[in-house]
Structure formats: C-alpha cells, structure tokens
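Trainee: I'm new to this one. Could you walk me through it and tell me how the labels are decided?

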Amino acid sequence: MKKLSTLKLIIDILYISAIIGLIVFLGFYLVVLFGWDLSDLPFKLKDYNNLSLSQNLYIIYPFLFLALLVYILVLKNFKKIIELFYQGKFFEFKTVKLLREIGLHFLISVFLMVMPSIITPFLSNTTVVKFSLPIGFDSSFFLIAIGLFFMALSEIFNKAFKINQENELTI
Amino acid sequence: MPIVINLDVMLAKRKMKSKDLAEIIGITTANLSILKSGKAKAVRFSTLEAICEALDCQPGDILEYVND
C-alpha cells in the first residue's frame with residue numbers, strides 16, 4: 001500500500017495548496033473589484049498594473065474562482081476515497097458516489113475554465129478568434145477525458161459493488 | 001421474492017436453536033439470520049447439504065416456491 005500512501009501525500013499537498021491558492025485568489029479579486037491601492041506594500045507584485053486595469057477580469061475572475069472551488073471539491077472527494085481504500089472499503093456505494101461526483105466536478109471545472117475564453121471576445125468586441133490544438137496534459141480535452149474516465153470508473157465500481165453484495169449475501 | 005425459507009419451521013420441528021444449527025453447519029449466526037429472513041441472494045449447495053444433514057430433512061422442506 002505504499003502507492004496509496006504516496007497518493008494520499010500528493011493529494012494532501014494539492015488540497016492544502018489549492019485552499020491557500022483560493023484564499024490568495026479571493027484576496028486579489030477583492031483588490032481588483034474594489035480598486036484598492038497596493039502600491040504601499042513593502043513588496044512588488046508582478047503585473048499588478050495590468051491586473052487592475054483589465055475590465056474583463058471582473059467577469060473572468062468569478063469563473064476561475066468557481067473552477068478553483070470545484071477543483072477543491074474534487075480533491076476533497078479524492079481524499080475521502082483514499083480514506084475508504086485505507087479502511088479496505090473498495091466496493092461500497094459511497095465509493096461509487098464519490099467517483100461519479102469527481103467525474104462530474106471535473107467536467108464542471110472544465111466548463112468554468114473554458115467559459116471566460118468564450119465570453120471575453122464578445123466583451124472586447126474583437127473579431128479575432130484563437131484556435132489551439134488540444135495537446136498536452138493541461139488541455140481541456142484531457143480534463144474532459146479524465147472526468148469521463150472517473151464517471152466510467154464509477155459505473156464499473158457500481159457493478160463490482162453489486163457483485164460484492166451478492167457474494168456477501170450468498171450463504 | 002417467491003422463494004420462501006421455512007428454516008424456522010424445521011428448527012421448531014427438530015426443537016433446535018438457530019445458534020446450535022449455525023455451529024453444526026459452520027456458518028455464523030448472522031449469516032443464518034440472513035438466510036432465515038429471506039434476505040440471502042443465494043444458497044450454496046454445501047450449505048444446503050449441511051442444513052439437510054443437521055435437520056434430517058429434504059431441501060424441499062426448507063425451500064418453498066410461492067407464486068405472488
């Protein structure tokens with residue numbers, strides 16, 4: 001079970017860093033929203049001027065904030081599943097439910113991350129449409145594939161849960 | 001389920017306790033309770049054989065088909 005403990009450690013680190021990221025993100029959003037002046041700070045913020053000038057950020061930030069929230073939910077459910085696996089509860093209804101939720105949350109987070117790039121051209125009245133090939137692990141297509149994989153995995157676990165239940169109820 | 005388990009009736013006829021039967025056939029009292037209550041999904045032939053041997057009866061004395 002060394003792989004499981006390594007996975008747990010990675011998920012824990014990601015979970016904590018995501019929560020810190022969420023707090024920092026919220027702080028920056030408030031700064032942009034209320035137009036607070038951060039020039040008096042003892043340290044310099046990179047691209048701070050660009051950040052405060054862009055009007056589109058008012059609309060983009062909530063989407064990204066929600067995407068980050070959903071990402072935290074994914075990690076939280078991941079932690080719960082690992083905890084269940086630690087207890088030896090593999091084929092339980094709870095595991096099926098959590099896997100389905102993770103898949104669904106993945107798809108929602110992709111939608112939330114893609115939405116700003118769809119809305120922004122309309123807001124800035126530009127006719128330039130950017131196309132990019134879905135290559136790499138950070139592409140939306142890859143995340144959709146991961147989300148669908150988790151949902152398929154939940155269906156497989158559901159079948160395994162039923163077989164396990166039948167086995168347990170065979171006297 | 002249309003299959004009814006008449007294990008209680010047979011136990012009463014043989015004046016045997018569930019705990020004793022469970023011990024004889026080598027299953028837990030919890031599993032025997034699942035079997036008696038009709039919650040079991042399946043019964044192994046080996047279990048059925050052991051029950052029939054312990055209660056000196058036929059499988060038909062324990063299992064009954066009732067049309068709903």
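**Labels and their cut-offs**

Mentor: Let's start with B:Asp56, which is exposed, with a relative accessible area of 61%. Before we go on: this is a predicted model, where local features need pLDDT of at least 70, side-chain atom pairs count only at pLDDT 80 or more, and totals for chains, interfaces and linings use all residues. Residues are numbered from 1 along each chain as its sequence is written, chains are lettered from A and ligands numbered from 1 in the order in which they are written, and side-chain values use heavy atoms, with hydrogens and water left out.

Trainee: Why is B:Asp56 called exposed?

Mentor: Exposed means over 50% relative accessible area, buried means under 20%, and partly exposed is in between (1.4 Å probe, protein chains only). B:Asp56 has 61%, so it counts as exposed.

Trainee: Where does B:Asp56 lie?

Mentor: In the loop between helix H4 (45-55) and helix H5 (59-62) of chain B. Helices here are DSSP runs (H or I, at least four residues), and strands are runs of E, at least two, all numbered from the N terminus. B:Asp56 also has a positive phi of about 50 degrees, although it is not a glycine. Most residues other than glycine have a negative phi.

Trainee: What about phi of B:Lys15?

Mentor: That one is positive too, near 50 degrees. B:Lys15 sits in the loop between helix H1 (7-13) and helix H2 (18-25) of chain B, and at 77% relative accessibility it counts as exposed.

Trainee: How do you know that B:Cys52 and B:Cys57 are too far apart for a bond?

Mentor: A disulfide is a pair of cysteine sulfur atoms within 2.5 Å. The sulfur of B:Cys52 is 4.5 Å from the closest cysteine sulfur, in B:Cys57, so that is too far. The whole-structure search finds 0 disulfides over all chains.

Trainee: Are those two cysteines buried or exposed?

Mentor: Buried: B:Cys52 has a relative accessible area of 12%, and B:Cys57 has 9%.

Trainee: And what makes up the secondary structure of chain A?

Mentor: Chain A has 5 helices and 0 strands, running α-α-α-α-α from the N terminus on. Of its 171 residues, 30% count as buried.

Trainee: Why is A:Lys76 called partly exposed?

Mentor: Its relative accessible area is 38%, which falls between the 20% and 50% limits, so partly exposed is the label. A:Lys76 has its place in helix H3 of chain A.
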